[in-house]
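Q: I'm new to this structure and would like to learn how to read it. Could you take me through it one feature at a time?

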Amino acid sequence: MAANTDMETDGPARRAARAATWELAPETPAAAHARALTARALRSWRVTDATDVDDVVLMIDELVANAVVHGAPPVRLRLRLDGTCLVAEVTDADPAAPARPCGQAPRWSEEGRGLLLVAALATAFGCRPDPPGKVVWFTRVLRGVNGHRPASAL
């Protein structure tokens with residue numbers, strides 16, 4: 001399992017963007033590992049709102065599980081935090097885009113709820129080609145970063 005974290009700067013203001021990338025084993029425990037990696041990255045980036053952390057970890061779990069079950073290896077997870085905007089991307093080698101969530105999955109169904117959760121919790125989400133496969137991504141504007149809450153969240 002490869003891990004890469006880097007720091008990037010943005011223009012003269014030198015606002016730090018934080019990013020981390022991991023290649024995940026294409027097996028069921030990858031989702032649990034991705035949850036742990038995501039929670040650790042968010043803590044290290046001082047994301048302080050517990051709801052944000054819980055929601056992001058849940059969305060990552062859903063996207064990684066989908067990539068492992070329905071996609072093809074390699075499976076990669078990339079997180080990037082720029083200010084208060086988190087971008088999460090899960091890449092796999094299967095070019096087939098996931099079905100867009102529409103309405104509700106039947107109550108007894110174990111399938112079809114993951115993207116509904118992502119749609120409900122993300123600021124935005126989508127899928128784009130990344131030959132030979134695809135990237136399923138979401139953004140989330142976070143309420144608490146570096147111990148501070150933006151004025152709009154107070």
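Q: Let's start with helix packing. At what angle do the axes of helix 1 and helix 2 cross?

A: The general idea: two packed helices are described by the angle between their axes and the distance between the axes. Keep in mind that this is a predicted model. Here, helix 1 (residues 30-44) and helix 2 (residues 50-70) have axes that come within 8 Å and cross at roughly 150°. The crossing of helix 1 past helix 2 is right-handed.

Q: Which residues of helix 1 and helix 2 make the contact?

A: From helix 1 you'll find Ala30, Ala31, Ala34, Arg35, Thr38, Ala39 and Leu42, and from helix 2 come Val53, Val56, Val57, Ile60, Asp61, Val64, Ala65 and Val68. Sort this contact by class and you get 12 nonpolar, 1 polar and 2 charged residues.

Q: And how do helix 2 and helix 3 pack?

A: Helix 2 and helix 3 (residues 114-121) pack at about 145°, and their axes are 9 Å apart. Helix 2 passes helix 3 in a left-handed crossing. On the helix 2 side the contact uses Asp55, Leu58, Met59, Glu62, Leu63 and Asn66, while helix 3 brings Gly114, Leu115, Leu117, Val118 and Leu121. By class, that contact has 7 nonpolar, 2 polar and 2 charged residues.

Q: Now the strands. Which strands are joined to strand 6 by bridges?

A: A general point to carry along: in a regular strand the side chains alternate between the two faces of the sheet. One place to look is Thr91, whose bridge partner in strand 6 is Val135. Strand 5 (residues 124-130) is also antiparallel to strand 6, with 7 bridges between them. There, Cys127 has Val136 of strand 6 as its bridge partner. Strands 5 and 6 form a hairpin, with 2 residues between them.

Q: Is strand 6 mostly covered or uncovered?

A: Mostly covered: of the 9 residues in strand 6 (residues 133-141), 7 are buried. For the chain as a whole, 38% of the 154 residues count as buried.

Q: What about Arg46: what is its phi?

A: Arg46 isn't a glycine, yet its phi is positive, at about 60°. Look for Arg46 in the loop between helix 1 and helix 2. Arg46 counts as partly exposed because its relative accessibility is 48%, and that class covers values between 20% and 50%.

Q: To zoom out, in what order do the elements of the chain run?

A: From the N terminus, read them as β-β-α-α-β-β-α-β-β, which comes to 3 helices and 6 strands. Among contacts between residues at least 6 apart in sequence, 59% join residues at least 24 apart. The chain's accessible surface is about 8,500 Å², and carbon and sulfur atoms account for 55% of that.

Notes
Residues numbered from 1 in each chain as written. Predicted model: local features only at pLDDT ≥ 70, side-chain atom pairs only at ≥ 80, totals over all residues. Heavy atoms only, no water. Buried < 20%, exposed > 50% of the residue type's maximum accessible area, 1.4 Å probe, protein only. Helix = DSSP H or I, 4+ residues; strand = E, 2+ residues; numbered from the N terminus. Pairing = 2+ DSSP bridges. Axes fitted to C-alpha atoms, helices over the stretch in contact; angles between N-to-C directions. Left-handed = near helix turned anticlockwise from the far one by under 90°. Contact = heavy atoms within 4.5 Å. Nonpolar A, V, L, I, M, F, W, Y, C, P; charged D, E, K, R; others polar. Areas by Shrake-Rupley, 256 points an atom, 1.4 Å probe, with all protein chains shown as cover.
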